[in-house]
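Hello,

Here is the structure we talked about. Please open it and follow along with the notes below.

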Amino acid sequence: MRDLQELNMNEGGRPVDRPAPSDREIADYETHFGVQLPDEYVMLLRHANGGHPELDGFQPQGIVEEELWGVDRFYYLGGDKDDLGGLWGVTTQWQAAVGKNIVPVASDGGGNQIMLRYGSSQPEVIVCVHDDNFQMIPVASSFGEFIDLLCEDPDMI
């Protein structure tokens, strides 16, 4: 996985200053939702607990359009279990809509969710298109691969 510094994570143009989640916060989340977060995702949470990546563009698998999709913001992990900007609130909301084998990790600017989908060995990254009957489109076979796919969107410069 690439050096996370390259993402230039920020909130409103400033570095993310939210504290990294503690081991206890991570364990509580994992136990409550019955998942194990991938090491690469935990690394991102500890590097920048939420925020907007400057390298935000990605191309879902099987999409022939040349237009890149974008990450608007990664969710943070903290103690507020109701905040929809945090993993607790958004996971509760989206699991009720699409099932318990997912963890939303980010959203795009239109409300679509970039999610970890748990199945066999390691969770894959998908995008859930909310206004297309919750269609789930594969993006990457792992979170680390997803981070490596992120690029600067030339249309957003």
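Start at Glu124, which is partly exposed at 26% relative accessibility. Keep in mind that this is a predicted model. Which residue does Glu124 meet in a salt bridge? The partner is Arg117, with 2.8 Å from N to O. Arg117 is partly exposed too, since its relative accessible area of 24% falls between the cut-offs of 20% and 50%.

The count for the model comes to six salt bridges. Here are two others.

Look at Glu11 and Arg73. Their closest N and O atoms are 3.5 Å apart, and the two form a salt bridge. Glu11 sits in strand β1 (residues 10-11) and Arg73 in strand β5 (residues 73-74), so the pair ties together parts that are 62 residues apart in sequence. Glu11 has 24% relative accessibility and counts as partly exposed. Arg73, at 26%, also counts as partly exposed. Now find Arg18. A network of salt bridges links Arg18 with Glu11 and Arg73.

Next, go to Arg46 and Asp23. This salt bridge has its closest N and O atoms 2.2 Å apart. Arg46 belongs to helix α2 (residues 39-47) and Asp23 to helix α1 (residues 23-33). The pair links distant parts of the chain, 23 residues apart. Is Asp23 buried or exposed? Asp23 is exposed, because its relative accessible area is 58% and exposed means over 50%. Arg46, at 41%, is partly exposed.

Best wishes

How values were computed:
Residues numbered from 1 in each chain as written. Predicted model: local features only at pLDDT ≥ 70, side-chain atom pairs only at ≥ 80, totals over all residues. Heavy atoms only, no water. Salt bridge = Lys/Arg side-chain N within 4 Å of Asp/Glu carboxyl O. Helix = DSSP H or I, 4+ residues; strand = E, 2+ residues; numbered from the N terminus. Buried < 20%, exposed > 50% of the residue type's maximum accessible area, 1.4 Å probe, protein only.
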